[in-house]
Amino acid sequence: MAAAIETAVLAQSSAPSAPPSSPVVSQPATAAPAVEMRAAPVSEASGASIIANAALPRDLSPWGMFLNADIVVKIVMVGLVFASLVTWTVWLAKNLELWKASRNGRSALAVLNEARSLAEANGRLGKSDETVARLLRTAVHEVQMSPHPDPEALKERISWLLERVEASSSRRIGRGMGLLASIGATAPFVGLFGTVWGIMNSFIGISNAHTTNLAVVAPGIAEALLATALGLFAAIPAVVIYNVFSRAIGGYRALLADGSALVMRLVSRDCERVSSAQISRAAAE
C-alpha cells in the first residue's frame, strides 16, 4: 500500500511539469511570423518612396516639353510650326495681292464703262499692267491684225483670246491656295502621328520602369498631346484662310468676266460703226 501511495504522489508531481515545457517550445514559432509581418510593410513603403523620388515630373511648360521630347516628336513639332508660319505668310501676301488686283480692276471697269470705243479705252488704259487692261489690249491687237474682218468671226476670235487671258489670270491669282489646302488637310494627321509616337514611348517607359506611377508617364503623354495641339494650331487657320480666299478669288474672277463683257461691247460697237460706214459709202456710190 505504501508503494502504491508513493507512485500516485510521483504521478501527480510529474503532471504539472509537462505544461511549462510546451509553451517554451511553441513560443518561438508564433513570434517569427510577427517579425516577418512587420518587415514587409517597411520595405514596401521604402520602395514607393524611392519610385516617387526617382520619377518626379519634369518641366511641363511648352518649351520644356519640346526640349525633353523624343527626336521624332521634335521633328513633327518643328514641321507643324513651320507650316503655321507658311500659312500666315501666304495669308499676308495673298491678301495684299487680292486687294491690289481688285482695286485696279474696279478702276479699269469704270473706264471701260465710260469709253465709247476701243481706241478711247486703249488711250486711257493702254499703259496699265492690270488684267482688265490686258483684256483690252488683246482685243485691240486682234482688231489691228484683222484689217478687213468679218464682224462675227472677229468677235469669236476675240472671245477666245479673252477666255485664255482670264484663265491665265485666274491661275496666277490662285497661287498658294493648293499649299493652304494641303496644310489644312494634313496637319492634324501629322500631329496625330507625333501623339501616337509619344504615347508609344510612354508605354515603353512604363515597361522599363516596372511601375504604373503617373509621374513616370505624365511627361511623355503631355509631350504627345502638345504635338496634337500644334497640328490643330496649323490646320485650323489654314482651312479658314483657304475658304476666305476662295470667296475672294471667285469675286475677282467675276470682275474679270465683267471686263471681258465690256470689251466685247466696245468691239461690237466698233464693228457696227465699220458696217455703217461701209453701207454709207456703198449708198453714196
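Helix axes here are lines fitted to C-alpha atoms over the stretch in contact, and angles between N-to-C directions run from 0 to 180 degrees. The helices are DSSP runs (H or I, at least four residues), numbered from the N terminus. The model is predicted: local features need pLDDT of at least 70, side-chain atom pairs count only at pLDDT 80 or more, and totals for chains, interfaces and linings use all residues. Residues are numbered from 1 along each chain as its sequence is written, and side-chain values use heavy atoms, without hydrogens and water.

Start with helix 5 and helix 6. They pack at about 135 degrees, with axes 10 Å apart. The pair is therefore oblique, as angles under 35 degrees count as roughly parallel, over 145 as roughly antiparallel and 65 to 115 as roughly perpendicular, with the rest oblique. On the helix 5 side, L118, A121, N122 and L125 make the contact (heavy atoms within 4.5 Å). Helix 6 answers with A133, L136, R137, V140 and V143.

L136 also reaches beyond this pair. Leaving out residues up to four places away in sequence, its partners include L112 and V263.

Finally, T87 lies in helix 4. T87 is buried (under 20% relative accessible area), at 0%. T87 touches L180, I183, A234, P237, A238 and I241, not counting residues up to four places away in sequence.

Methods
Helices (H or I, at least four residues) and strands (E, at least two) are DSSP runs, numbered from the N terminus. Buried means under 20% relative accessible area, exposed over 50%, partly exposed in between (1.4 Å probe, protein chains only).
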